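This report is meant for a reader who is meeting the structure for the first time. Please look through the sequence and the model before reading on.

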Amino acid sequence: MSNPQQLRYSKEHEWLSAAEDGVSTVGITEHAANALGDVVFVQLPEVGDTVSAGETCGELESTKSVSDLYSPVSGEVTEVNEDVVNDPSLVNSAPFEGGWLFKVRVAEEPGDLLSADEYTAFSAG
């Protein structure tokens, strides 16, 4: 399992892209997608919602369980991935590409996000 080096990661297994014009993309990691099993439903925040770092902002339902989705940063949701809403299996098949979940205009970023190597070590332990 390879975690893209350019992303940062939360201990709740979300990833965060570098900001482009103040907006970052959020998704869940391949580790989390594999642990969940086949994702069959996603509940995402709405465009315009304010999310807070470390707080629940949605849910992912799989054939095994329902898991909370946490925001890795604080800010305003600018876009949600309608493709994932319509085809939740994208979370499993392409967690770092087409399976992204939402975009957020970052207001505040916590200092505890992990690098790819730190996250790999964390998720293995």
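Is Glu109 buried, partly exposed or exposed? In this predicted model, Glu109 has a relative accessible area of 36% and therefore counts as partly exposed, since that class lies between the limits of 20% and 50%.

## The salt bridge

Glu109 forms a salt bridge with Arg8, and the closest N and O atoms of the two residues are 2.1 Å apart. The pair links distant parts of the chain, for Arg8 belongs to strand S1 (residues 8-9), whereas Glu109 sits in the loop between strand S9 (102-108) and helix H4 (116-124), 101 residues apart. Arg8 is partly exposed as well, with a relative accessible area of 25%. The structure holds one salt bridge.

## Overall form of the chain

The chain has four helices and nine strands, and from the N terminus on these elements follow the order β-β-β-α-β-β-β-β-β-α-α-β-α. For 125 residues, a compact globule would have a radius of gyration near 14 Å, and the 13 Å of this chain agrees with that value. Along its principal axes, the C-alpha trace spans about 35 × 30 × 20 Å.

Of the 125 residues, 43% count as buried, and the accessible surface of the chain comes to about 6300 Å², of which 43% belongs to carbon and sulfur atoms. Among contacts between residues at least 6 apart in sequence, 61% join residues at least 24 apart.

## The nonpolar cores

The largest nonpolar core has 22 residues, of which Ile28, Val42, Leu69, Val91, Leu101 and Phe102 touch the most other members. Two or more residues each are given to this core by strand S3 (23-28), helix H1 (30-36), strand S4 (39-43), strand S6 (56-62), strand S8 (74-80) and S9. The largest share, three residues, comes from H1.

Val91 shows how such contacts bring together separate places in the sequence: leaving aside residues up to four places away in sequence, Val91 touches Ile28, Ala33, Val39, Val42, Val84, Gly99 and Leu101.

## The annotated domain

The UniProt record, an unreviewed entry, places the feature "domain: Lipoyl-binding" at residues 23-105. In the model, the end C-alpha atoms of residues 23-105 lie 4 Å apart, and the span is 19% helix and 43% strand.

Ser10 lies in the loop between S1 and strand S2 (14-16). At 4% relative accessibility, Ser10 counts as buried because its value is under 20%. Not counting residues up to four places away in sequence, Ser10 touches Pro72, Leu113 and Tyr119.

His13, which lies in the loop between S1 and S2, has a positive phi of about 75 degrees although it is not a glycine. Asp21, in the loop between S2 and S3, likewise is not a glycine and has a positive phi, of about 55 degrees. With a relative accessibility of 76%, Asp21 counts as exposed, because this value is over 50%.

Technical notes:
Residues numbered from 1 in each chain as written. Predicted model: local features only at pLDDT ≥ 70, side-chain atom pairs only at ≥ 80, totals over all residues. Heavy atoms only, no water. Salt bridge = Lys/Arg side-chain N within 4 Å of Asp/Glu carboxyl O. Buried < 20%, exposed > 50% of the residue type's maximum accessible area, 1.4 Å probe, protein only. Core = buried A, V, L, I, M, F, W, Y, C linked by side-chain atoms within 4.5 Å. Contact = heavy atoms within 4.5 Å. UniProt positions renumbered as here; feature names shortened; annotations may be inferred. Rg over C-alpha atoms; globule rule 2.2 N^0.38 Å. Areas by Shrake-Rupley, 256 points an atom, 1.4 Å probe, with all protein chains shown as cover.
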